[in-house]
Structures are given as structure tokens and as C-alpha cells.
Amino acid sequence: MSILSTTSRLGLPFVALVGAATLVAPGSADGYTLTGWSLGLTQRTFRIFNNFSDAEANNNTTPDPNFPGAQGAVMALWKACIEWSSALHGNGNGDPTQPAGLGSGGANFDPSYQGLATSPGVIGDNVIAELSGCAGGVLAFTESFTSGAGWRMLFYQCWTWYDGPNTNFPSGGGRFDLQGVATHEYGHSTGMGHTNVGGATMFASTADGKTERSIENDDIAGIRANYGAAGATKPRITGLLWDGSVLTIDGVNFSPTNNRVWFTRAGTGTTAAVILSGLASTAGGTRIAVTPPVTAGSGDVIVRNSSAGGASLSQPWPWDRSNIQCPPVTRYCTALPTPSGFPAVINFQGSQSVAANDVSLFVSSAPSNTFGLFYYGLTQASAPGGNGIICVGAPFYRLPPVQADLLGTAFFTYNIALPPTPAATITPGTTWNFSFWFRQMSPAGYNFSDALSIPFCN
Amino acid sequence: MRLLLPLLAVLAVGAFAPAQIERLTLQQMIDKADGAVRGEIIGREVHRVPHPLPDSGPLYFTSLQVQGASLATGETTTVIVSYPGGFIDDEQGVWNSEAPTEAETAVGRDVVVFYKWSGDMGGGFASNALYASHGGVYSVFEARRGGSIVQGRGDGYAVASNQRIDEFGKEVARLALDKKQREEKGK
């Protein structure tokens with residue numbers, strides 16, 4: 001059999017560049033390749049210098065809660081990088097071609113979005129930018145240190161870059177999907193080479209008009225080969241609650257002590273994440289509460305537990321600093337019945353926003369036409385008092401008296417800008433407990449409603 | 001040899017420097033490129049170019065001097081083709097995801113290169129760009145039964161499979177002539 005017929009049957013080059021296998025080593029007989037390096041924990045960050053000049057690269061102005069504060073090219077590039085995350089980024093949404101699917105790597109690798117850069121920077125700054133000029137059929141390239149000490153990613157300006165998320169841009173004419181090409185390039189940044197598996201993100205070439213944004217099985221196998229598959233003990237975030245003061249991070253596999261939380265740095269600055277250290281978890285390693293510093297901005301949050309290496313990092317989870325969510329109002333304490341046989345019940349109308357200042361308290365099932373007053377404090381109690389239960393611990397603060405109507409209902413609109421005493425000032429991030437004291441015809445002459453615990457936010 | 005071939009083929013795939021390049025057939029490559037030359041690499045130089053934007057690290061470009069003959073016309077020629085990336089020395093240079101490997105571009109190698117003039121490959125660096133970087137250079141080897149073979153690289157590359165260089169040259173010449181006729185018709 002001749003060489004030609006043999007190679008023709010194989011459909012592959014018949015003479016190998018054995019000596020050329022310098023930087024890229026095969027990862028499997030038929031599939032992903034690895035460059036021979038991996039990124040250390042200090043190199044998991046990335047930033048974007050948004051000098052993309054095509055109108056099409058920055059015409060997506062629709063906000064996406066999974067990418068707070070970003071739009072256009074920035075959002076597309078952010079999506080591209082976090083597709084390599086170990087687990088879903090937030091709810092995984094953001095790309096119509098992979099609904100609920102962004103964050104597919106399943107490896108001990110998680111990138112940290114660090115916002116905008118002020119220039120393309122140097123290799124090791126881990127910045128993504130556009131480069132004026134053209135080099136033939138080269139769309140974009142990644143420059144790296146061969147030690148894994150960082151990278152820089154540049155997109156040639158001579159192509160027309162589309163920021164998505166829609167996929168309906170025309171083929172031909174040098175139009176390329178920014179997110180799709182960036183997903184490929186970020187694979188290089190992590191230490192992935194090319195694959196010969198068609199349809200994989202790390203396949204060497206792509207055609208214009210295509211939107212190949214998801215990493216596929218071969219890519220996933222590659223990132224897991226380079227960083228290890230994410231194990232059962234790797235931390236994972238399942239949700240955030242931001243009340244304007246405290247960020248409560250829910251998840252699994254947080255260490256009892258010495259956790260760290262990485263934040264996206266606010267504004268433009270350095271590559272390094274804002275990191276809070278020495279954090280304890282509660283609820284069996286499922287909750288961490290932190291006060292984000294002013295240097296932390298909207299972006300992603302990552303929890304690092306006290307273990308080592310990439311296995312210590314959670315997946316990135318979006319956090320919008322401007323989207324303050326109050327914890328829910330909760331009811332507690334059991335009131336004793338009034339002479340009518342029913343306990344008085346306190347309720348709340350309005351919002352928990354201090355800025356809105358629209359708190360209304362009301363009570364129902366109190367004795368008809370009785371006098372009483374709402375009172376509140378920072379601590380909860382459950383102690384006998386009068387003919388009922390005192391539900392708020394001392395010190396507590398009294399609001400002006402009110403009279404119930406014939407049905408036993410009383411209202412009070414509380415202007416929280418005018419507290420009864422400075423110590424009773426309600427501020428964002430504080431939780432206050434409210435109850436109602438009232439007179440009744442009984443041996444002690446007074447009783448209490450049940451109570452509400454009301455967290456307040458900005 | 002039979003056993004060795006698949007192994008060598010795998011190594012060859014692994015040896016390609018990573019990239020995201022334009023997917024091209026041979027006809028598309030001919031249509032887009034200014035020319036194609038088969039010849040020997042007789043010179044290799046890496047250039048350091050300031051980035052066009054402030055506060056940004058330099059760019060590096062590798063230039064290859066290829067002496068041979070145009071595949072379109074058969075005329076002897078020497079061209080300089082360049083691609084992003086390369087190392088001046090151990091301290092100066094960069095690994096570039098688009099670049100062909102050092103071995104693929106070593107002085108003395110017999111290659112086919114496709115190129116297109118670019119007045120600015122980045123930082124104002126002007127040169128014939130090796131079209132599609134690593135997708136624009138293909139090694140040529142002597143066949144055991146005589147003649148030479150240009151090494152294909154698989155799906156997505158302008159030279160997808162191995163071809164005898166004389167037949168390949170004829171195909172390139174035919175496509176180049178076709179391109180020229182189309183261009184003249186369009187004038």
C-alpha cells in the first residue's frame with residue numbers, strides 16, 4: 001500500500017512534525033489538546049478594555065440581571081469567560097443559544113470578572129481588547145506567558161464584531177460573533193490548545209455568521225484534564241441576599257472559618273479582585289454574611305473556602321450592588337386573647353426602604369375603641385406582661401398613642417425620619433421588632449399583640 | 001509504518017499552535033490571499049513593535065523569508081511573510097495562540113505559504129500577513145516513492161488533506177487563473 005493511499009484512508013496528515021510538538025501536547029488520541037500550563041489562583045481574573053469600534057459590538061443595551069452593569073461587548077465577553085466556570089453562573093441565563101446553561105466547565109477552574117480596564121495592558125494583565133489592523137484570516141489571538149502567569153486577548157479590528165445576544169446577524173462579509181470567538185480564545189487563556197473534534201469550541205477555525213458559544217463535551221474534558229474535575233467538596237454558591245449593608249451568601253461546602261470572598265472591583269483599576277478574608281460560615285457551612293467594602297462593585301462574587309487550589313473556589317455568582325433586596329418580614333411571638341376571645345394581630349404596610357419612608361403599622365382584633373401604642377426595639381422577647389406577652393426586648397421605644405375603631409383596628413403611619421429618640425433611628429441594614437400595647441378590661445388592664453421583625457434597607 | 005502513521009498524525013494535530021482563524025477552503029484561500037509560494041524558509045526574524053495604545057505592552061511579529069516559486073505562475077520569487085507572535089530571545093517575546101510552531105517555521109523547512117499584504121498588522125507593522133497565521137503555512141515533504149507532498153491539516157484548513165505538490169500546484173494555478181478572470185470580468 002502506498003503512503004498516499006494509506007494517508008488518504010486516514011484522512012489525516014501522514015507525516016507528523018514530531019519535533020514540533022513543543023508547546024501543545026495531545027490530551028487524548030482524538031480531541032482536546034493542552035498547552036502545558038494552567039492558570040494559578042492569582043490569574044483567574046479578567047478585565048475588558050472596551051475599545052471595540054463596530055456599532056454592532058456595542059448595540060446590545062438590554063440589561064441582564066446575570067451581568068449587572070454590563071452591556072454590549074463587555075457583556076458578551078463576560079458571558080464568554082464564565083461559560084468555562086465550574087457551575088452555573090447565577091441561574092445560568094444570558095445566552096439564548098444555551099438557556100440556563102452558562103457555566104458548563106465542571107472543573108476546578110472559575111474565572112473572576114474584574115470589570116473594565118483602562119488599556120489593553122501587558123501580558124499578565126488578563127485584559128480583552130480590540131487591536132487596530134488586520135493579519136489576514138486571523139480573527140483574534142491570545143498572548144500568554146508559557147508559565148501560566150497570565151495573558152492578553154486581542155481581537156482584530158478589521159472584522160465586524162457582533163455582541164449578540166441574538167444570533168440573527170447575516171453570514172458572509174467578515175461578520176463574527178464576539179462571544180463565540182471569545183469563548184474559544186478564553187479556552188486558550190486557560191491552557192487549552194486546539195481540538196480536531198468538529199463542533200467543539202476549541203476547534204481551530206470558525207466561519208462568519210456562526211454563533212458557537214457553548215463549550216462542548218470535548219472542551220469540558222479538556223478543562224477537567226487541566227484543572228481536575230470539580231469534586232463533591234468544592235464550594236458552590238446557590239444564592240445571594242443583599243440588603244444594602246450585609247451580603248448574605250448561601251451555598252454549600254463553605255469552611256467553618258477562614259473563608260474568603262472575592263468581589264469584582266468597582267470602577268476601573270487593577271486586575272486583582274477585592275478580597276475579604278477570615279470569614280466564618282454559619283448554618284453548617286451553607287451561609288456567609290459579609291459587609292462588602294466600598295471598593296467592591298457590581299459584578300461577580302466568588303467564595304474561596306480554606307482548602308487549596310482551584311478546588312477551593314466556588315463558581316462566580318452575579319451581584320448587583322444597586323439591587324437591594326430586603327430579607328422578608330417575619331412574624332413571631334404568640335399573643336394571648338383579649339376579652340373578646342381573639343388575640344390582637346399586628347401588620348405592616350408600605351416598603352422596607354428607609355429612603356421610601358412609607359411605613360404604616362396597623363393592628364386588628366384589639367378591643368373596640370381602646371387606646372394603645374406601637375412600640376419597637378432591636379431585640380426580640382417573649383415574657384409575660386399584663387394579661388399578655390411582651391414580644392420586644394428592652395430597650396424599646398414607644399410611638400404616639402392611637403385609638404382603635406369600633407372593630408378594634410388601629411393605624412399609625414410612622415415617619416421614620418422623626419424617631420422618638422435618636423437611639424430609635426431606623427437605618428438601612430438594621431432589623432427592628434414591632435408590637436402593639438393596648439388597654440383592655442382585664443385584671444392587669446393591658447395586653448399585647450404578636451410581633452413583626454422588619455429588616456430595613458436603603 | 002502502518003502503526004506509526006496514526007500516531008504521527010495525532011502528534012501532528014497536537015503540534016498545531018492554537019488559534020481561532022477563519023475557516024477556509026482552498027478556493028476561498030486563493031480568493032482572499034495575494035499569493036501562494038512553495039519554497040524554503042531561508043530567514044526568520046522576530047520584531048518587537050509598540051502597541052498603538054498607551055500603557056500597553058508591545059506586540060511581536062515573526063517574519064519568514066521564503067525563497068521558491070509562485071504556485072500560481074511558477075515564477076521564482078522570494079517573499080517575506082509575517083504572523084503575530086514569536087520570541088526574540090528568552091526574555092523578549094510572546095506565545096501567540098495563532099502562531100505556527102517554531103518547528104513548522106524553522107529555517108531550512110520546505111513549505112507552502114499563503115499571504116496577503118497588510119499595511120497594519122498591529123502597531124503599524126506592515127508586511128505580507130501569513131494568511132490565517134498557522135492556517136497559512138503547510139509543510140512539504142519528500143514522498144517515499146518520489147516527488148513531494150504538501151501536508152494537509154484536516155477540516156477547516158485550506159489544505160485539508162495531503163496532496164502531491166505538483167497536483168496541488170496545478171490546482172492552485174487553476175484557481176488563481178479563475179480568480180484573475182473573475183476580477184477582470186468585474187472591471
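**Close-up views of a predicted model**

Counting bonded cysteines along chain A, its disulfides pair up as 1-2, 3-6, 4-5. Keep in mind throughout that this is a predicted model.

**View 1. A disulfide joins A:C134 to A:C158.** The total over all chains is three disulfides, and in this one the sulfur atoms are 2.3 Å apart. The bridge links distant parts of the chain, 24 residues apart. A:C134 sits in the loop between β5 (127-131) and β6 (138-144) of chain A, and A:C158 in the loop between β7 (151-156) and β8 (160-162) of chain A. The torsion about the S-S bond is about 70°, so this disulfide is right-handed. A:C134 is partly exposed at 22% relative accessibility, and A:C158 is also partly exposed, at 36%.

**View 2. A disulfide joins A:C326 to A:C457.** Here the S to S distance is 1.6 Å. With a torsion of about 140° about the S-S bond, the bridge counts as right-handed. The two cysteines are 131 residues apart: look for A:C326 in the loop between β17 (317-319) and β18 (330-332) of chain A, and for A:C457 in the segment after β29 (451-455) of chain A. A:C457 is buried, at a relative accessible area of 3%.

**View 3. A left-handed disulfide links A:C333 and A:C391.** The sulfur atoms lie 2.0 Å apart, and the torsion about their bond is about -80°. A:C333 belongs to the loop between β18 and β19 (345-349) of chain A, whereas A:C391 is in strand β23 (residues 388-392) of chain A, so the bridge ties together parts 58 residues apart in sequence. Because buried means under 20% relative accessible area, A:C333 counts as buried at 19%. A:C391 is buried too, at 0%.

**View 4. The largest nonpolar core has 82 residues.** Good places to begin are A:F155, A:W161, B:F114 and B:F168, the residues with the most contacts inside this core. Helix α2 (residues 72-82) of chain A gives the core its largest share, nine residues. A second, separate core has 26 residues, among them A:V363, A:F374, A:Y414 and A:I454.

**View 5. B:F168 meets residues from several parts of chain B.** Setting aside neighbours within four places in sequence, its contacts are B:L26, B:L71, B:V112, B:F114, B:V150, B:V159 and B:Q163. B:F168 is also one of the buried residues of helix α3(B), the subject of the next view.

**View 6. Helix α3 of chain B spans residues 165-186.** Its 22 residues reach 31 Å from the first C-alpha to the last, close to the 32 Å expected at 1.5 Å a residue. Buried along the helix are B:I165, B:F168, B:G169, B:V172, B:L175, B:A176 and B:K179. Seen down the axis of α3(B), these residues fall within an arc of 130°, so they line one face. Elements covering them include α2 (26-32), β2 (35-49), β7 (110-118), β9 (137-142), β10 (148-150) and β11 (163-164) of chain B. The face turned away from the buried side carries the exposed residues B:K170 and B:K185.

**View 7. B:N96 is a buried residue in chain B.** B:N96 lies in strand β6 (residues 93-96) of that chain, and its relative accessibility is 3%. A polar atom of the B:N96 side chain is 2.7 Å from the backbone nitrogen of B:E98.

Note on methods: Residues are numbered from 1 along each chain as its sequence is written. Chains are lettered from A and ligands numbered from 1 in the order in which they are written. This is a predicted model: local features need pLDDT of at least 70, side-chain atom pairs count only at pLDDT 80 or more; totals for chains, interfaces and linings use all residues. Side-chain values use heavy atoms; hydrogens and water are left out. Helices (H or I, at least four residues) and strands (E, at least two) are DSSP runs, numbered from the N terminus. The expected span of a helix is 1.5 Å times one less than its number of residues. Buried means under 20% relative accessible area, exposed over 50%, partly exposed in between (1.4 Å probe, protein chains only). The arc is that of the directions from the helix axis to the C-beta atoms. Contact means heavy atoms within 4.5 Å. A polar contact is a pair of N or O atoms within 3.5 Å; within protein, one must be able to donate a hydrogen and the other to accept it, and residues adjacent in sequence count only if both atoms are side-chain atoms. A nonpolar core is a set of buried Ala, Val, Leu, Ile, Met, Phe, Trp, Tyr and Cys residues joined through side-chain atoms within 4.5 Å. A disulfide is a pair of cysteine sulfur atoms within 2.5 Å.
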